[in-house]
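This report covers the overall build of one protein, then one of its helices, then a single residue in a loop.

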Amino acid sequence: LIENNVITKSNYKKFGCNPLLLTNPKDILNFFKKMPNNIGLLLDVGHLKVSSKTEGFSAKNAMIKLKPFIKGYHLSENSGFSDSNKAIKKNSWFIPYLNKKINYITLEVYTSSISKLKKQVKLVEKLLS
């Protein structure tokens, strides 16, 4: 699996352009159309949200377009300005667009609390059942 990259507004401003690979749906689609079927996209929804704010595309529409190539997910929430890996919620923006048949899902949330992490796991299990 190959993960989508993330471009923040500060990185874009610093470089004057986007020097990174696989930050937007157009680049991701072009890349995976050239890959063999055994190579898939590990969609980091946090990266997608930040990149969508920076590059001006719809993260929701991107998830729909990228669906045929998605083989796994990294799940987390953020403000859209940086990839802060906050806990997900039952109404997180990406929930309706997840492919529930995917077997590889990683919670990529920052917490030092095992109980909070267990609650996140239970929430994902409930949302995907």
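Of the contacts in the protein with a separation of 6 or more, 69% are between residues 24 or more positions apart. The model is a predicted one.

**Overall build**

The protein contains 5 helices and 4 strands. Along the sequence these elements come in the pattern β-α-α-β-α-α-β-β-α. The radius of gyration is 15 Å, close to the 14 Å that the globule rule gives for 129 residues, so the protein is as compact as a globular protein of that length. Its C-alpha trace spans about 40 × 35 × 20 Å along the principal axes.

Buried residues account for 43% of the 129 residues. The accessible surface is about 7,800 Å², and carbon and sulfur atoms contribute 54% of that area. As for charge, there are 22 positive and 8 negative side chains, and 7 Å separates the centres of the two sets.

**Helix α3**

Just after α3, glycine 56 adopts a positive phi of about 75°.

**Asparagine 85**

Is asparagine 85 buried or exposed? Its relative accessibility is 2%, and because buried means under 20%, asparagine 85 counts as buried. This residue sits in the loop between β3 (70-75) and β4 (104-107). Leaving aside neighbours within four places in sequence, asparagine 85 is in contact with Ser76, Glu77, Glu108, Val109 and Tyr110. With one of these residues, glutamate 108, there is also a polar approach: a polar atom of the asparagine 85 side chain lies 2.6 Å from the backbone oxygen of glutamate 108.

The two atom-pair distances given above are set out below.

| Side-chain atom | Backbone atom | Distance |
|---|---|---|
| Asparagine 85, polar atom | Glutamate 108, oxygen | 2.6 Å |

Notes: Residues numbered from 1 in each chain as written. Predicted model: local features only at pLDDT ≥ 70, side-chain atom pairs only at ≥ 80, totals over all residues. Heavy atoms only, no water. Helix = DSSP H or I, 4+ residues; strand = E, 2+ residues; numbered from the N terminus. Buried < 20%, exposed > 50% of the residue type's maximum accessible area, 1.4 Å probe, protein only. Polar contact = N/O pair within 3.5 Å; in protein donor to acceptor, adjacent residues only side chain to side chain. Contact = heavy atoms within 4.5 Å. Rg over C-alpha atoms; globule rule 2.2 N^0.38 Å. Areas by Shrake-Rupley, 256 points an atom, 1.4 Å probe, with all protein chains shown as cover. Lys, Arg positive; Asp, Glu negative; His and termini not counted. Charge placed at Lys NZ, Arg CZ, Asp CG, Glu CD.
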